[in-house]
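Keep the sequence and the coordinates at hand while reading.

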Amino acid sequence: MTIDHLDVLAAAERIAGQARPVALAPMDAGALGAATGVFALELMQHTGSFKARGALNFVGSHLEAGTLPEAGVVIASGGNAGMANAWAARAHGVGATVFVPRTAPRVKVARLRALGAAVHEVGDEYAEALAASQCFAAESGALASHAYDNPLIAAGAGTLLEEIVAARPDVTTVVVAVGGGGLFSGVTAAARPRGLRVVAVEPEGAQALRAALAAGRVVDVPVESIAADSLGARRVSAMALALAQHDDVRSVLVSDDAIVAARQRLWDERRLVVEHGAATALAALDARAYTPDLGETVAVVLCGANTDPSDLVR
């Protein structure tokens with residue numbers, strides 16, 4: 001199961017006019033050195049993250065095919081994918097059931113309920129919530145969505161890259177945070193035909209892609225990171241692994257301290273409130289885990305803002 005650029009283009013056509021076009025903002029020199037860069041402010045997307053793109057493509061595709069059941073959609077999520085699916089389902093008049101770990105941030109759980117989702121808190125990790133959602137789908141007849149391991153979800157996420165290069169055709173490198181690999185898969189599928197590099201950034205305590213690349217296959221990893229609520233998948237998708245096994249992809253790791261510092265810097269210098277998962281991409285540059293080459297133009301994706309901002313004010 002994989003996707004290519006044509007899948008992303010089909011998704012872009014399907015969700016046209018429904019997703020908010022990504023806003024770009026120039027980056028200060030800082031860690032860019034001799035390179036230049038922009039922030040892709042996907043934190044301003046519907047429901048506060050890029051996940052809305054994939055959810056729109058998933059629900060829209062099933063509506064077109066007549067395969068969206070009366071029982072609605074069910075998904076397991078750390079919060080962001082659940083919100084996106086609940087929003088997209090509600091927009092098309094169907095219900096959504098979301099299973100989240102008990103560790104999911106309260107701000108995300110509250111937002112899920114505000115979007116009309118039936119929320120079930122199960123287990124301490126995403127994998128436990130996923131198992132419960134699969135049982136629910138089998139018993140209820142609800143359509144099972146997935147936070148990242150679905151070609152429609154990944155292709156929808158890839159529409160972000162289409163918008164970035166339309167606005168900035170000089171971009172040569174895209175830096176994205178990786179959890180289960182949905183955003184990475186979509187962006188990479190769209191970037192590859194254009195000859196763009198993708199930098200895949202993971203927390204040291206949640207490195208599912210790095211471990212899969214080392215093993216040559218998808219493997220389970222322990223998860224212990226401040227960004228685990230959005231980047232805490234135990235395993236990356238096989239689709240993401242296949243797309244990552246190319247020279248145009250670079251995998252890097254960052255510490256939790258670097259993630260916290262990057263998130264704080266975005267608030268201090270930009271007054272941007274992002275979740276730790278979104279700050280992970282910037283941390284790769286700030287901590288010199290990735291240093292752009294001379295002449296590169298880098299797009300750093302700030303992918304979500306569903307967080308409690310109270311710890312940013314100091």
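T36 stands opposite T297, a residue of strand β10. The model is predicted. That residue pair belongs to a parallel pairing: β2 and β10 (residues 297-302) are joined over six bridges.

**Strand β2 and its partners**

Strand β2 covers residues 36-41, and five of its six residues are buried. Strand β1 (residues 24-26) also pairs with β2, but in the antiparallel sense, through three bridges. Within that pairing, P26 has V38 of β2 as its bridge partner. Strands of a sheet pair through backbone hydrogen bonds, in either a parallel or an antiparallel sense.

**The four-strand sheet**

An open sheet of four strands runs in the order β5-β4-β3-β6, with parallel pairing. Which strands stand at its edges? They are β5 (118-121) and β6; each has a single partner strand, so one side of each lacks a neighbour in the sheet. Four bridges join β4 to β5. In this pairing, V100 stands opposite E121 of β5.

The pairings with a stated bridge count are set out here.

| Strand pair | Sense | Bridges |
|---|---|---|
| β1 and β2 | antiparallel | three |
| β2 and β10 | parallel | six |
| β4 and β5 | parallel | four |

**Helix α5**

Helix α5 has 15 residues, 126-140. At 1.5 Å a residue, the helix should span 21 Å; its end C-alpha atoms are 21 Å apart, which agrees. Its buried residues are Y126, A129, L130, A132, S133 and A137. Seen down the helix axis, these residues fall within an arc of 165 degrees, so they line one face of α5. On the other side of the helix, A138 and E139 are exposed.

What covers the buried residues of α5? The cover includes β3 (73-76), β4 (96-100) and β6 (143-144). These three strands are members of the open sheet described above. Just after the helix, G141 takes a positive phi of about 85 degrees.

**S133 in detail**

S133 lies in helix α5. Is S133 buried or exposed? Its relative accessible area is 5%, so S133 counts as buried, the cut-off being under 20%. Its side chain reaches the backbone oxygen of L130 at 2.7 Å. L130 is itself one of the buried residues of α5. Leaving aside residues up to four places away in sequence, S133 touches V74, I75, A76 and F99.

**The chain as a whole**

How many helices and strands does the chain contain? There are 12 helices and 10 strands. The C-alpha trace spans about 55 × 40 × 40 Å along its principal axes. For 314 residues, a compact globule would have a radius of gyration near 20 Å; the chain has 18 Å, which agrees.

Of the 314 residues, 58% count as buried. Among contacts with a separation of 6 or more, 73% are between residues 24 or more positions apart.

Conventions. Residues numbered from 1 in each chain as written. Predicted model: local features only at pLDDT ≥ 70, side-chain atom pairs only at ≥ 80, totals over all residues. Heavy atoms only, no water. Helix = DSSP H or I, 4+ residues; strand = E, 2+ residues; numbered from the N terminus. Expected span 1.5 Å × (residues − 1). Buried < 20%, exposed > 50% of the residue type's maximum accessible area, 1.4 Å probe, protein only. Arc of directions from axis to C-beta. Contact = heavy atoms within 4.5 Å. Polar contact = N/O pair within 3.5 Å; in protein donor to acceptor, adjacent residues only side chain to side chain. Pairing = 2+ DSSP bridges. Rg over C-alpha atoms; globule rule 2.2 N^0.38 Å.
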